[in-house]
Each structure stands twice: as C-alpha cells, then as structure tokens.
Protein chains: 6
Amino acid sequence: MAAPVNRLREIWAAGRPAANAWLSLPGLLNAEVVVKGGWDSVTVDLQHGMAEPVEMLRMLAPIHAAGAVPMVRVPWNDPAAVMRALDAGALGVICPMIETGEEAAAFVANCLYPPKGKRSWGPLRANLMWGPGYSDAANDIVVPWAMVETSKAMANLDAILATPGLGGIYIGPSDLSISHGFKPGLDRQEPEMLERIETILATATAKGLPVGIQCATPDYARGMAERGMRLLTIGNDAGFLQAGATAAVQAFRT
Amino acid sequence: MAAPVNRLREIWAAGRPAANAWLSLPGLLNAEVVVKGGWDSVTVDLQHGMAEPVEMLRMLAPIHAAGAVPMVRVPWNDPAAVMRALDAGALGVICPMIETGEEAAAFVANCLYPPKGKRSWGPLRANLMWGPGYSDAANDIVVPWAMVETSKAMANLDAILATPGLGGIYIGPSDLSISHGFKPGLDRQEPEMLERIETILATATAKGLPVGIQCATPDYARGMAERGMRLLTIGNDAGFLQAGATAAVQAFRT
Amino acid sequence: MAAPVNRLREIWAAGRPAANAWLSLPGLLNAEVVVKGGWDSVTVDLQHGMAEPVEMLRMLAPIHAAGAVPMVRVPWNDPAAVMRALDAGALGVICPMIETGEEAAAFVANCLYPPKGKRSWGPLRANLMWGPGYSDAANDIVVPWAMVETSKAMANLDAILATPGLGGIYIGPSDLSISHGFKPGLDRQEPEMLERIETILATATAKGLPVGIQCATPDYARGMAERGMRLLTIGNDAGFLQAGATAAVQAFRT
Amino acid sequence: MAAPVNRLREIWAAGRPAANAWLSLPGLLNAEVVVKGGWDSVTVDLQHGMAEPVEMLRMLAPIHAAGAVPMVRVPWNDPAAVMRALDAGALGVICPMIETGEEAAAFVANCLYPPKGKRSWGPLRANLMWGPGYSDAANDIVVPWAMVETSKAMANLDAILATPGLGGIYIGPSDLSISHGFKPGLDRQEPEMLERIETILATATAKGLPVGIQCATPDYARGMAERGMRLLTIGNDAGFLQAGATAAVQAFRT
Amino acid sequence: MAAPVNRLREIWAAGRPAANAWLSLPGLLNAEVVVKGGWDSVTVDLQHGMAEPVEMLRMLAPIHAAGAVPMVRVPWNDPAAVMRALDAGALGVICPMIETGEEAAAFVANCLYPPKGKRSWGPLRANLMWGPGYSDAANDIVVPWAMVETSKAMANLDAILATPGLGGIYIGPSDLSISHGFKPGLDRQEPEMLERIETILATATAKGLPVGIQCATPDYARGMAERGMRLLTIGNDAGFLQAGATAAVQAFRT
Amino acid sequence: MAAPVNRLREIWAAGRPAANAWLSLPGLLNAEVVVKGGWDSVTVDLQHGMAEPVEMLRMLAPIHAAGAVPMVRVPWNDPAAVMRALDAGALGVICPMIETGEEAAAFVANCLYPPKGKRSWGPLRANLMWGPGYSDAANDIVVPWAMVETSKAMANLDAILATPGLGGIYIGPSDLSISHGFKPGLDRQEPEMLERIETILATATAKGLPVGIQCATPDYARGMAERGMRLLTIGNDAGFLQAGATAAVQAFRT
C-alpha cells in the first residue's frame with residue numbers, strides 16, 4: 001500500500017486552487033450529500049458549526065471515502081481538540097484566532113509528532129483511515145492552518161509566518177472585519193479590507209505558504225483564486241439548505 | 001389557553017394551498033434551518049428519509065416552535081409507528097402504500113381515539129407541545145393522510161375514500177409511476193400519469209378531502225395547486241443541499 | 001454462579017405486592033436517579049414513553065445494577081419489539097392492547113423459547129446481564145404481561161387468561177376508560193370502572209396469574225394492593241419531574 | 001421583527017426577582033417538562049450537570065420556545081465552551097470559579113463581540129433562534145455571570161466587580177462553603193456564610209450588578225430574593241425526580 | 001460511472017466461497033476495525049445484535065468504503081425494516097424465521113421494485129453510496145436471503161425455494177437446533193443436524209441458490225464451504241472482543 | 001452502607017498487581033463485553049480512544065456494575081475534563097503529558113476537594129454510583145495518575161513525584177519512545193528504554209507511589225509486574241477486535 005498523501009498538496013503542485021466545502025450542521029448524511037458535489041476538501045467546523053466531536057468522527061469518514069481531503073476547524077487553540085481531530089483522521093486542522101508567533105508555535109506543535117512537535121502518539125482511527133503508512137507520513141501530510149483574523153494577528157503576521165511546520169494561513173473575513181471596526185460578513189469589498197487580505201496573501205505566499213479564505217459566493221472565490229489564494233471555501237451547508245428551502249417556498253407562492 | 005388547532009385547515013378554509021417542506025435528512029439543525037423558509041407545514045419522512053424516530057422527536061420541536069404544522073410520514077401502516085408520531089406531537093401522519101379500504105380503515109383507526117378509532121391514550125409529548133387541550137381536541141386536529149401510489153390503490157380508490165375519519169389523500173408520483181410501468185420520478189408530464197393524478201384529485205375533492213402531492217419544483221407545485229391540490233410538497237432538504245453544494249463548486253470551477 | 005431468578009416472583013411468594021417505577025422519559029441518568037428510590041421493578045415504556053430502543057438498552061443496565069427487575073412495555077404486539085426487549089435483558093415485557101386469545105398466544109410465543117414458544121435464540125446482552133445460566137432459565141424468569149385495556153379484551157378475558165405461559169395481566173386504566181366512554185385518566189373511582197377492574201383482578205387471580213395496574217398516586221396503589229393487585233405502578237418520571245418543578249417555582253412566587 | 005431582548009432584564013426592571021430552573025440531567029424531554037413550570041430562565045449545567053454540549057444544543061430549543069431565557073453554566077472559563085454556548089443560543093453564561101479580575105476579564109471578553117470583547121463571529125444557531133437582529137443586539141442581551149465561590153474570589157471581589165461588561169454575580173454556596181472549611185451544601189444558615197453571601201450581594205448591588213444564587217428550597221430562595229438577589233435557582237431536575245420517585249414508593253409501602 | 005454490482009456474485013462466479021463478518025455490537029468504529037480484516041461482506045445484525053437502525057446507517061458506510069458488501073439482518077419479516085436496510089445502502093438482506101412460501105414471497109417483494117416486487121421508491125442513501133446507476137440496477141444487485149431455521153421452514157423448503165427473486169438461503173443453526181429439540185449453539189456436529197443442513201444445502205443448490213450459514217469457528221466454516229456453502233459467517237465482533245479480552249487477563253494472571 | 005473504597009488499593013495492599021483493561025472504542029456494549037473478562041480496573045480512554053464524554057458516561061456504569069474500578073484517561077491536563085470524569089464516577093484519572101511539578105500540582109488539585117485541592121463540588125453521578133458516602137470519601141478513593149512520557153518529564157521526575165496527593169505514575173511507552181528518538185510502540189525491549197522505565201519505576205516506588213504501564217501483551221505485562229509495576233494495562237478493545245476478526249478470516253481462507 002502506497003504511503004498516504006494529502007491531495008491538496010498535489011492539487012497545488014498542479015497549479016490549481018482547491019475548492020473547500022464547509023460543514024456547519026451536524027449530520028453524517030449532510031456530509032455524504034455535500035461531498036458528492038466534487039469538492040477537493042471538506043471542512044467540519046467545530047468552532048461556529050454546530051457539530052460536536054462525536055459527530056465529527058462520523059462525518060470525516062464519508063469525506064475520506066469520497067476522495068476529498070478531510071479537514072476540521074477546531075474550536076480553539078487547544079491541544080486536546082487539535083490532537084482529537086488528527087486522531088480521527090483529519091489531514092488538515094484550521095485553528096481560529098492565532099494572534100502571535102507563540103500561539104502559532106503551540107498550535108503547530110500539537111499537530112506534529114516529535115521531534116518536530118509535541119503531538120501525542122495514538123492514531124487509532126487515522127491508521128484505519130489512511131493505512132499502516134500513516135504514522136511515518138503524518139508529519140508530511142498533516143497541514144496546520146493558522147487563522148489570521150484580528151488586527152493583533154496582522155501586527156504579528158511575520159512572527160506567525162515564521163513558525164516552522166506551519167502549513168498555511170486561513171483568513172476569516174468576518175472576525176477580521178469586526179476587529180477593524182466593520183460589520184461582520186464575507187466577500188468584503190472595502191478597499192481597507194481588500195488591502196489587508198492582499199497583505200496576508202502576499203506575505204504568506206512569499207514564504208511559500210498557501211493561503212485560504214472563507215467566501216460566500218463562487219464569484220468572489222474565483223476572484224480570490226485568481227489573486228493567488230490556494231484554498232477557497234465557498235458557502236456552507238446551512239446556507240445552501242436555507243437558500244434552497246427559502247427559494248422553493250417563495251417561488252411557489254409568487 | 002385556547003384549544004389547539006391544525007393550521008392547515010385554517011389555510012384551506014382561507015382558500016389557500018399549503019406549502020409543505022420535506023425533511024429527508026436526520027438533524028435538529030436541518031429542521032431549524034428549513035422551517036425558517038416560511039412553510040405552512042413540515043414533514044419528517046421516516047419512510048425514505050434517513051431520520052429515525054429518536055431524531056423525529058427532536059425535529060418536530062423546532063417545526064412546532066416556528067409555527068409550522070409538524071407532520072410525519074411513517075415507514076409503514078403500523079400501529080406503533082403511527083401512534084408514536086402522534087404521541088411525539090405530529091398533527092399530520094402520512095401513511096405510505098394504502099391500497100385497500102381495509103388498510104385505510106386500519107390506518108385511520110390508529111390515528112383517532114375511541115370511539116372513532118383505536119389510538120391508545122398517552123400523549124405525553126403532544127400534551128407538552130399543544131397544551132392541556134390536546135386530549136379533547138386530538139381527534140379534530142390530527143389529519144391522517146393515506147398515500148395513493150399504486151395501481152391497486154387506484155382500483156380501490158372509492159373504498160379508500162369512503163373511510164370515515166380519513167383526513168386527506170397524498171400522492172406519491174414515483175411509486176405511482178413505477179406501479180404503472182414508468183420510471184420513478186416526480187413532476188410527471190405523461191398524459192397517462194396526469195390523468196391518474198387528476199382522477200385522484202377529482203374523486204377525493206368530490207368527497208371533500210384535501211389532496212397533496214410530492215413535487216420537485218415550485219412551478220409544478222403551483223400548477224398542481226391551481227388544479228386544486230391543497231398540500232404541495234416542494235423539493236426536500238437533501239435536494240436543496242445537494243443542488244446548492246454542487247452549483248457552488250461548479251460555478252467556482254468554470 | 002447461581003441460576004438467575006425473577007425477583008418479582010420471590011416478592012410475590014413472600015406475600016408482598018411489588019412497587020413498579022415507570023420511565024416515560026429517555027435518559028440513562030433519569031433511570032439511575034429513579035431506581036435509587038428502592039423500587040422492586042422499573043419499566044421502560046416504549047409505547048407512550050418517549051424513549052426509543054437505542055435508549056432502552058442504556059436504561060436497562062442501571063435498573064439491573066441497582067437490583068430492580070428490568071421490564072419494558074413494548075409499543076405493540078410485534079415479534080421484533082418483544083424479542084428486542086428480551087435480548088436487551090428485560091425480565092418482563094408488558095404488551096399493550098391484547099384483545100383476543102390469539103393475540104395473547106402470539107405475544108407469549110414471542111417471549112418463550114421452543115418448545116414453549118417461538119422466541120429466536122441470540123440473547124447476547126441478556127447473557128451479559130444475567131450470566132451464563134440465562135439461556136436455560138429464560139423461559140422460567142421471563143414474565144409476559146398482557147394488557148387488558150379495552151371492552152373487546154374484557155369480552156375475551158377468559159380466552160386471554162387461558163393462554164399457556166402467560167405471566168400476568170396488566171391493566172391500563174386510561175385506555176380501558178376511553179374504551180368504555182369515559183375520559184382518560186388513572187385512579188378511577190367510577191363504580192363501573194372499579195367493577196371492571198375487580199372483574200379482571202378476580203378472574204386472573206383465580207387462574208393464579210398476578211395482576212398489575214397503572215396508578216397515579218401511592219394511596220390508590222395501596223388500595224389496589226390491598227384488593228390483591230401484585231404489581232403496582234405508581235406515577236412516572238415525567239410526573240415526578242413536572243410536579244417538583246412546578247411546585248418549586250410556585251412556592252417561590254407565593 | 002423587533003430586536004431580541006433578554007427578558008431577565010425586563011423582569012428586573014419591573015422590580016421582580018427571577019426564578020431560574022436548573023437542568024442537571026441530559027434530555028430534551030426533561031427540558032420540555034421542566035420549562036412548563038413557568039420559570040423565568042432555565043440553565044443547562046455543563047459543569048456538574050451530566051449533559052454534554054451535543055445535548056445542550058437540543059435542550060436550549062424548548063427553553064427558548066417556551067419563552068424562558070436559555071442559559072448555560074459552562075464547565076470552565078474556556079473560550080471554546082463560552083462561545084459554544086452563545087452560538088447555540090444561550091443569552092446567559094454562568095462561569096464557575098472566577099477568582100481574579102483577570103479571569104473575569106477573560107471570561108467577559110469571550111462573551112462579547114469586538115470592540116468590547118473577543119468573541120468570534122459565527123452565531124448560526126443564535127441567529128436562527130433570535131432572528132436577524134441577533135448580531136447587532138448580542139452585546140446587549142448576553143449576560144455573563146461570574147461565579148464567586150472561593151475565598152480567593154472574595155478577596156478579589158472588587159477587582160472582579162470592576163470588570164467592564166460583566167453582567168452579574170452568581171454565588172455557588174457549596175464551593176464557597178468548602179473553600180471556607182464547611183461541608184458542601186446549599187441553603188447555608190451559618191452566620192459566617194450568610195455574612196459572606198451578604199457581602200457579595202451588597203458589593204455587587206452597589207455596582208449595579210444583579211446577583212444570583214443556587215438554592216435548594218423555595219423558602220430559602222424567597223428569603224434571598226427579599227434580601228435583594230435577582231436570580232434565584234430553586235432545586236434542580238435531578239432533585240425533583242429523585243424526591244418524587246422516592247416519596248411515591250415510600251408512601252406506597254407505609 | 002459503471003453500473004454498481006454485488007461483489008458476492010462475482011466471488012461466487014469465480015468459484016470462491018465468501019467470508020462474511022457479523023456485527024452484533026453497535027459502533028461505527030467497531031465496523032471500521034472489523035472490516036479491515038479483509039472480509040467479502042459484513043452483516044449488521046439488527047435482530048439479535050444490539051445495534052439499532054440509527055447505528056446501522058453509520059455502520060454501513062465504512063463497510064462500503066472498505067470494499068466489502070454491506071448486508072443487514074433485519075429483526076423480522078417486516079416491510080419497513082427491509083426497505084429501510086435497502087434504502088440505507090445494504091446490498092443483502094437476511095430475513096429471520098421464514099417458514100412458508102408466502103412469507104418468502106412477502107419478503108422478496110419488499111426487496112424488489114415493481115414489477116418484480118413492491119419495494120417503495122426513494123433510495124436516497126443507496127443512491128449516494130452506489131451512484132446514479134443504483135435505481136436501474138437495484139433489482140439485480142440486491143440479494144434477499146431467507147433464513148431457514150425451524151422445522152416448519154424445513155417442511156416448506158420447496159415452497160420457500162420456489163419463490164421468484166429469492167437470492168439465497170441462510171441457515172441459523174441455533175434456532176434450527178432448538179426447533180428440533182437440541183440446545184442452541186453453532187457448529188453443530190449431531191448427525192441429525194448435519195443431515196438437515198445438508199438437505200437445505202443440496203435442495204437450494206439444486207435450484208441455483210447460494211446457501212450461507214452462521215459458524216463459530218473458521219474450521220467449521222471451511223468445512224461447510226467445502227460442502228458447497230457460499231456465504232460463511234465466521235464468529236462475530238462480540239465474540240472476538242470477549243475472547244481477546246478474557247485471554248489477555250487470564251494469560252497475565254497465570 | 002459502608003464507605004466506598006478504591007479496590008485497586010485493596011489489591012495492592014494484598015500484594016497483587018492489577019490488570020487494567022483499556023477501552024479505545026466508543027460503545028456501552030463494548031464495555032459490557034470487555035469487563036466480563038474479570039479485570040481489576042477498566043479505563044475509558046478519552047485521549048486517543050475514540051469515545052467522547054457523552055459515551056464515557058454510559059461506559060463507566062457497566063464497569064462499576066461489574067465490580068471493576070472505573071477509570072478515565074482524560075484528553076489533557078484540563079480542569080473541565082478531569083472534574084467531568086470524576087463527577088461521572090471515575091475513581092482514577094490518568095492525565096497525559098505531565099512534564100513538570102507545576103503541571104502535576106495543577107492536575108492533582110483538580111482531582112481533590114479543598115482543602116487538598118480545588119475540585120469543584122457537585123458529584124451528582126458519582127453519588128448515585130458510589131452512594132451517599134462518596135463526598136466524604138472522595139479525596140481518599142480518587143487516584144490521580146500522572147503520565148510520564150517525555151524526556152522533559154523524566155528530567156522533572158523528582159518534582160512530579162513530590163506532588164502531594166499524587167496517586168501514581170502511568171508510563172506511556174509510545175510517547176516516551178518518540179520523545180527519545182525511537183519509533184512509537186509498546187512493549188519496548190531497547191536497553192535505553194528499559195532503563196528509563198526502570199528509573200521511573202524505582203524512583204516512584206521509593207516514594208511509595210504505584211506505577212502503571214501500557215502493555216501490548218500479557219507476557220510483557222507479567223514481566224513488568226514482576227519488576228514491581230502495580231497497574232498493568234494489557235492490550236485494548238480495538239486490538240482484541242481486530243486480531244480476532246483478522247485471524248478468523250485468514251484461518252478460513254488458508
């Protein structure tokens with residue numbers, strides 16, 4: 001059996017941006033339905049999404065089975081949460097609210113086995129999912145994503161980016177906006193916000209790190225991909241469901 | 001506290017057709033999201049939907065809280081399943097595969113308390129949901145819907161419609177189609193199928209019974225409403241989710 | 001290890017009536033709390049109670065661990081439901097709505113292994129709970145309770161009582177009342193209802209069968225025990241919870 | 001749709017103390033039963049209560065639907081736990097073991113959006129529950145309650161009370177007692193304990209902050225309300241259930 | 001995408017017997033662990049196994065993902081249970097206690113779409129699992145297994161085997177034994193039992209139907225395969241777990 | 001009712017080493033099966049095991065009911081996780097990755113009530129499980145186990161061992177190995193690793209603290225017991241299940 005790989009890295013090596021689905025609702029079937037869209041990766045959101053770890057376990061399986069890269073946004077920069085997601089088989093962990101180099105280093109350490117980090121050994125489910133080669137390959141195929149989403153994080157951007165082992169930067173536009181005095185929301189068009197996004201993208205790209213961003217619409221995501229973003233989250237399950245359900249009843253009534 | 005009512009009957013009395021949402025996926029949050037669309041009723045499908053009774057219990061609560069009429073399609077014409085849905089607070093029960101007058105009578109008996117039927121008493125959750133007036137009102141506000149969806153059922157249509165206490169007829173176009181040699185699918189356009197649908201509608205309407213039908217699109221549902229259908233199911237949660245997720249990734253990639 | 005016994009039979013042999021707790025709410029902890037009251041048996045109600053089989057499995061364990069006899073009221077006279085409860089470790093099964101000798105015979109057959117009945121073999125959990133002697137003892141320690149709760153059942157009382165292997169009769173006063181034109185409710189005082197209860201009690205007792213009844217209050221239960229009832233259900237978890245919670249807030253406000 | 005409000009503040013503005021129910025047992029139905037008592041608020045206890053976040057999600061819905069203010073006691077002063085409860089729709093968060101001004105400030109920051117705090121944006125469920133006005137109103141309707149329950153906390157009471165944005169003080173009598181060398185327990189009568197409670201109440205009230213306390217009995221709660229406490233927890237679900245179940249079987253046996 | 005197939009039929013076509021794993025314990029992870037052994041098919045037992053349908057849904061996914069044929073033993077010959085298992089993605093359904101040709105016909109009808117049977121259309125999860133070709137292929141790839149496990153069934157063996165559409169016969173040695181006056185248990189060696197097993201095998205094989213049997217040990221299973229059995233269940237998860245756990249502690253202590 | 005005790009301490013007082021089972025898979029039934037092996041204690045692993053706290057609650061009950069000492073490995077040195085396990089009834093808590101005396105002190109403080117520690121009072125489930133004497137006995141019967149499993153921990157071994165109230169040292173051979181440049185794995189035979197294990201054992205034993213270790217095989221465990229280890233974990237449920245399932249299918253095929 002070949003050593004496991006992280007397909008996102010193959011996609012990027014081929015020069016393509018990756019389309020990432022976002023799961024905010026608990027549910028094995030929800031994951032099974034969404035992943036059929038043909039996404040490159042699917043992220044189970046344990047921070048603002050309503051799934052809990054007990055459901056994350058169930059939801060990662062069909063993502064993996066469908067050939068998409070299973071990822072998890074953990075609720076916080078917490079060793080238990082990070083290692084849990086990895087043990088369950090996630091190949092990417094998105095960590096919210098990284099604001100300093102120290103926080104980035106602590107996060108990355110929790111993602112990687114010694115000597116690169118401090119991850120504790122015991123990947124029962126990851127071994128079942130990725131095969132016996134998982135243990136040796138883990139440090140190469142796990143991608144730790146630090147979210148940059150506050151003014152403090154931007155001030156410490158260089159320190160964050162200097163963290164050895166960091167796998168990528170993920171931009172949270174809503175928190176980044178409210179941290180700078182704007183209303184929350186995605187697909188920002190304000191020049192100041194676009195400039196901040198561009199700064200993060202350019203600085204990280206210069207360090208060789210892929211950058212991802214949460215988008216509401218395919219158009220905005222495509223624009224961001226054209227600027228060089230490598231991981232584009234487009235909408236989420238709750239939004240798809242609500243939009244479809246609302247449109248159906250409204251179209252019926254008019 | 002006023003006696004509980006079934007709002008579908010108020011809607012029909014006002015001359016309006018009712019828009020019914022269809023829940024095929026397990027999940028409390030799914031129900032909470034879908035019901036926000038403003039549906040008149042929401043049906044948890046325990047037959048071909050993937051929710052089980054333990055989740056039905058959770059999903060009926062937000063439907064009720066949002067002011068929509070909670071309904072359940074039971075997996076089969078089975079007293080335990082029918083009484084369970086009612087005890088959990090459903091005001092409508094859709095029963096698949098009713099093919100004879102005897103089956104219709106057995107189904108209706110399970111929906112109504114004596115002397116009209118044989119429903120066993122013990123509406124713990126329904127009492128919590130609908131208040132202390134539930135027990136006295138139950139036989140008036142519970143609507144038993146018999147599905148007519150086979151050629152045998154059509155042959156016995158008069159006997160089915162003659163069942164005292166029957167609340168309505170619900171048409172399942174996929175099963176009705178395969179029972180007549182067509183492929184499965186909703187929104188039938190074949191003249192033979194339209195004629196069958198029209199027969200059911202006209203016959204039931206003549207008896208004063210509302211008729212409902214499972215539709216894929218708002219256009220078809222509106223057309224059916226214009227013909228006189230009173231309960232129009234439009235799409236379902238799995239379809240909304242899959243369509244939205246697929247459209248997003250495809251729009252991004254093109 | 002001694003062969004397992006059904007402690008209810010020991011209690012009756014000692015001339016004592018048994019106090020049976022009734023669980024209507026799902027929840028492992030609910031069961032753990034209630035059983036501490038010192039009940040002789042505890043019944044998980046899968047008919048009008050809101051627990052499902054997946055929770056029944058969890059709830060039977062602490063009942064057994066606390067030394068009470070675990071029992072289940074199944075939702076209907078259905079082989080799958082009856083055998084499920086027994087496989088999960090219940091020593092008593094209460095079956096609702098037994099109305100004829102044939103129905104009683106079918107129910108009892110589902111409770112007993114051949115040659116006495118048709119129960120299918122595979123008591124994985126019952127073996128874990130009751131030990132390796134379970135298989136040989138099962139037919140002796142499992143008590144099938146037929147509910148007599150309709151006028152039709154009363155008309156067929158002799159046939160029901162003649163069923164070989166029947167373990168007891170359980171009276172459901174609410175259904176028995178609505179079947180005879182009264183409002184539902186427990187602790188009946190109407191002479192006609194008391195006469196019916198007395199008839200069941202006397203007839204079954206004459207056949208050597210214990211009789212049980214659902215009661216709302218300890219006083220009524222004690223009166224019934226004095227008349228010769230052997231299994232007295234007193235209140236239920238939902239009632240205890242609601243009464244306590246309502247009394248607390250009302251006492252605070254006055 | 002009007003902006004959402006926290007009804008507790010309306011109750012206090014009307015000069016009334018609020019009656020708060022306490023849920024220690026997991027269970028959607030438990031919550032549905034208890035809230036019928038007519039409580040002003042209901043708190044799901046994730047610290048010593050046995051519910052987990054996956055059940056908190058289910059339990060908050062019926063509390064909200066019944067018109068009571070949904071609150072959560074988080075297991076610890078942890079950003080993930082606090083933000084989770086708020087995203088799920090809680091309008092009050094009770095945080096145990098706040099012992100210093102710094103801890104209070106960290107807790108409050110996790111409850112409030114920038115610029116007042118550091119809460120991360122993404123209230124999917126809170127939006128569904130409270131409507132589109134939730135985001136703008138959140139900082140005004142969310143009440144962060146710091147528990148004062150150790151001698152160290154009392155020594156730092158002024159610093160804790162000086163925390164901008166703090167919504168109230170909640171007294172945990174058991175921990176406060178064992179921290180001062182007494183046995184655990186509620187409804188303390190020792191002069192030293194009453195004096196400590198009075199000190200907290202007076203100091204916080206002087207700052208304009210409401211004070212709450214965990215009580216075992218309605219009498220004690222009413223006495224505390226008369227002293228000026230604004231949030232009175234009276235008993236809990238486990239206690240109501242155990243008391244009712246024990247009383248029933250004992251009354252039957254005597 | 002190629003039309004889905006039932007790999008068991010390919011294995012049999014290649015002249016190989018199939019090794020079938022048996023899951024008696026609820027648990028997604030249990031299924032993920034067991035299927036790694038390299039089984040040809042894995043059966044989730046909903047009759048005597050302790051999993052419920054809500055867990056069956058989760059357990060079928062990893063079986064499918066690992067390339068084994070997902071099968072379900074339903075609790076009884078019940079249309080709802082049979083169609084549920086199929087909608088959830090099972091390609092084989094084992095039905096207990098088939099005793100007559102009529103029962104076999106009813107069972108098979110529930111497995112097949114019209115015109116061959118009466119299965120109701122709506123394979124949401126099966127479509128997700130097996131792809132868009134599922135609907136057309138379903139009647140060809142679904143294998144209905146009738147259990148022959150009583151003396152009555154043996155008396156009606158010819159009628160059962162004459163059922164059009166029946167996919168195979170599955171022997172339950174424990175029930176077959178107790179039905180004939182023996183103790184329950186697998187791997188029977190009594191000449192009378194071996195003769196009965198041989199009769200079923202020979203008669204069904206003559207009709208072109210594969211025969212399966214529940215075995216305790218690999219040796220017995222291999223012997224049965226050599227006699228011509230095509231589906232060999234070998235042990236079960238509960239047995240593997242109990243044997244391993246007991247052996248470990250005993251080896252340590254001696 | 002006698003005061004509760006921790007049977008492990010009785011076993012050690014009798015000069016016997018204790019056999020500890022390890023549960024990595026979620027599942028009430030798994031726990032019920034494994035505990036039948038006759039283990040002295042059973043540990044639910046919430047760190048690398050895949051059970052979550054909601055399942056821990058269910059799994060501790062049958063461990064207790066079977067007379068084994070229920071223990072939990074928490075995911076991290078976190079007050080919420082530690083107190084949760086104890087409130088749920090665990091008598092032992094194994095905490096991973098203790099590396100300093102400060103960390104050990106924080107961990108122990110979370111296990112013990114004041115004045116010895118800072119555990120918050122509210123043992124609802126522990127009281128149900130261990131009886132009314134639990135509160136007074138808790139500080140005596142709860143055993144906090146610090147895992148020593150890194151080079152940093154070994155450097156701080158004396159400080160860790162000097163922690164008042166610490167109950168034992170538990171060795172994690174995999175993490176200890178990778179921390180020292182070896183591959184992960186149990187049952188280490190390298191002289192350097194054996195020396196480290198011996199150092200921990202000797203130093204802790206000299207302080208009067210029992211030492212435990214995770215083992216793969218009974219032989220290794222027995223050897224470690226002969227060296228003086230007092231808590232021997234032997235294999236785990238996932239391993240027993242996988243070994244049994246794989247052996248069965250392989251034995252059948254050869």
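Trainee: How much area is buried between chain B and chain A?
Mentor: About 2,900 Å², with carbon and sulfur atoms giving 72% of that area. Buried area is the accessible area (1.4 Å probe) that two parts lose on being put together, summed over both. Val33(B), Leu241(B) and Phe252(B) supply 24% of what chain B buries against chain A, more than any other three residues.

Trainee: What kind of model is this?
Mentor: A predicted model, in which local features need pLDDT of at least 70 and side-chain atom pairs count only at pLDDT 80 or more, while totals for chains, interfaces and linings use all residues. Residues are numbered from 1 along each chain as its sequence is written, chains are lettered from A and ligands numbered from 1 in the order in which they are written, and side-chain values use heavy atoms, with hydrogens and water left out.

Trainee: Back to the interface. How many residues does the contact take from each chain?
Mentor: 35 residues from chain B and 35 residues from chain A, where contact means heavy atoms within 4.5 Å.

Trainee: And how many salt bridges across the interface of chain B and chain A?
Mentor: Two, counting a side-chain nitrogen of Lys or Arg within 4 Å of a carboxyl oxygen of Asp or Glu. Asp40(B) forms a salt bridge with Arg253(A), and their closest N and O atoms are 3.0 Å apart.

Trainee: Which helix of chain B gives the most to the side that touches chain A?
Mentor: Helix 13, with 13 residues. Helices (H or I, at least four residues) and strands (E, at least two) are DSSP runs, numbered from the N terminus.

Trainee: Which strand does strand 1 of chain B join by four bridges?
Mentor: Strand 2 (residues 41–45) of chain B, running parallel. There, Leu23(B) has Val44(B) as its bridge partner. Three bridges also join strand 1 to strand 8 of chain B, again parallel, and Ala19(B) has Leu232(B) as its bridge partner in strand 8. Two strands pair if DSSP finds at least two bridges between them.

Trainee: Last one: where is Gln242(E) found?
Mentor: In helix 13 (residues 237–253) of chain E. Gln242(E) is partly exposed, at 30% relative accessible area. Leaving aside neighbours within four places in sequence, Gln242(E) is in contact with Leu128(C), Val33(F) and Lys36(F).

Note on methods:
Buried < 20%, exposed > 50% of the residue type's maximum accessible area, 1.4 Å probe, protein only.
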